[in-house]
Amino acid sequence: MRRRPGIGGLQNAAAARDQYRMLGENVAKIRTDMMKEQLATFRSQLEEFARKHKNDIRKNPAFRSQFHEMCAKVGVDPLASNKGFWAELLGIGDFYYELGVQIVDICLATRPHNGGLINLQELCNLLRQRRKSDREAVSEDDCLRAISKLKAQGFVTVDEVERRLSWTSGRAIDALDTLLDEGLAMIDDGHKDGRRRYWFPCVSSISTSVADT
Amino acid sequence: MQKLGDFKLPHFFNYPPYFTLQPVRDTREKQVQLWKELILDYCRTQKIFVIGLEEDFPLFSNAVIERSLTHEAREAFLSALVSEGRAEWLDKGHRKCLILWHRIQDWADIILHFVKDNGLEDSVITVEEMRSGIECRGTELHGIDRTILMRALKLLEQKGKLAIFKGTSADDEGVKFSM
């Protein structure tokens, strides 16, 4: 831009600066929009991938672990929601949920022997023994994910236990009341939906002691 | 850590189950203990002497986690303080509770120190001056609940340390020390 002397020249310089600034903002916006679009594309391709390889994800722990890593890279957490695409399609939510309950069960059973501290490897061995008849293999990675999912939520309702594990109401309440009596759970009747929640303060100490091995 | 004004709230205050009375005995005991300590600490630092069960006492609810103590829970925790001698019910309906974050005996000792510090051993002072006069500024007596002050004074009267007498009006009760 040709410099002009005097006030006119100053005004032109200011106008030019404004124009450059607007251009810069537009460029930034275009970049952001493009990235968002790329991310959205990647996510739908991820969903496509998950559909195609559903069985591999379910059956193969190594494959499953890499799948989780891929998801994490694009900010997808298949375990984050109990509803929606991921939980329904893959049934992964239920898998980890059931794992979580079994882990709490094992920790409960072994507490008299180990004082509440259990080595991750031993936990997985016990878990595999218990699940011998079950379809899916379980890795240490799975254990850690199940534990962190339990920790994230921190509580369950009777309905959820019934639904996820296909238990009767009686069995669910019995199991939860057992944990309550053992001092591993606390009740919470204060939610506005009126449904009793069972909280697990022990879970954070489980995840701490397991993670440290 | 969450705060109520200047007061630092303990972690359990943000954990929803602590707002429900726990049915399992050991868990309940731990819960009651935590609430007793919190109530006493809070009342001491905020100089609160009376809690009304049906009022909006700040510790009774936590808006962040959307939980409130039921009336039953409030009564349970305060009754535990009463059993321990750290509180007293002011009415049969258990609607108002006097909180003794200092026991009456402790208050009596504080009064004796106050008298000595101010050279009042053979003096007369009104009850109202003891709790709002110039001498009591900056001491624990400043703003003390009148009921508690009278109880402590009566305890000292029984021990012969002072005599309480009525003044010209209802507000004019006075104390003559003989220490």
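Guide: What follows starts at the interface and then turns to the helices behind it. The model is predicted, and the values below are computed from it.

The contact draws 14 residues from chain A and 12 residues from chain B. Between them, chain A and chain B bury about 1100 Å², and carbon and sulfur atoms give 61% of that area. On the side of chain A, Met186(A), Ile187(A) and Trp199(A) account for 49% of the area that chain A buries against chain B, more than any other three residues.

The polar part of the interface can be listed briefly. Two salt bridges are found across the interface of chain A and chain B. In a salt bridge between Arg67(B) and Asp188(A), the closest N and O atoms are 2.6 Å apart. Residue pairs in polar contact between chain A and chain B, both at pLDDT 80 or more, number four.

As for secondary structure, helix 9 (169-181), strand 2 (186-188) and strand 3 (197-199) of chain A are the elements that give two or more residues to the side of chain A that touches chain B. Strand 2 of chain A gives the most to that side, with three residues. Sorted by class, the side of chain A that touches chain B has six nonpolar, three polar and five charged residues.

Helix 1 (residues 25-46) of chain B and helix 2 (residues 71-83) of chain B have axes that come within 9 Å and cross at roughly 75°. These two helices of chain B are therefore roughly perpendicular to each other. Helix 1 of chain B contributes Gln31(B), Val32(B), Trp35(B), Lys36(B), Ile39(B) and Leu40(B) to the contact, and helix 2 of chain B contributes Phe77(B), Leu78(B), Ala80(B) and Leu81(B). By class, this contact has eight nonpolar, one polar and one charged residues.

The other pair is helix 3 (residues 104-117) and helix 5 (residues 146-158) of chain B, which pack at an angle of about 75° with their axes 9 Å apart. That angle makes helix 3 of chain B roughly perpendicular to helix 5 of chain B. Among the residues of helix 3 of chain B in this contact are Trp107(B), Ile111(B) and Leu112(B), and those of helix 5 of chain B include Ile148(B), Arg151(B) and Leu155(B). The contact of helix 3 with helix 5 of chain B has 11 nonpolar, one polar and one charged residues.

Over all chains, a search of the whole structure finds 16 salt bridges. One pairs the side chains of Asp18(A) and Arg21(A), at 3.1 Å from N to O. Asp18(A) and Arg21(A) are separated by about one helical turn because they lie three residues apart in helix 1 (residues 6-52) of chain A.

Definitions and conventions: Residues numbered from 1 in each chain as written. Chains lettered and ligands numbered in written order. Predicted model: local features only at pLDDT ≥ 70, side-chain atom pairs only at ≥ 80, totals over all residues. Heavy atoms only, no water. Contact = heavy atoms within 4.5 Å. Buried area = accessible area lost by both parts, 1.4 Å probe. Salt bridge = Lys/Arg side-chain N within 4 Å of Asp/Glu carboxyl O. Polar contact = N/O pair within 3.5 Å; in protein donor to acceptor, adjacent residues only side chain to side chain. Helix = DSSP H or I, 4+ residues; strand = E, 2+ residues; numbered from the N terminus. Nonpolar A, V, L, I, M, F, W, Y, C, P; charged D, E, K, R; others polar. Axes fitted to C-alpha atoms, helices over the stretch in contact; angles between N-to-C directions. Parallel < 35°, antiparallel > 145°, perpendicular 65-115°, else oblique.
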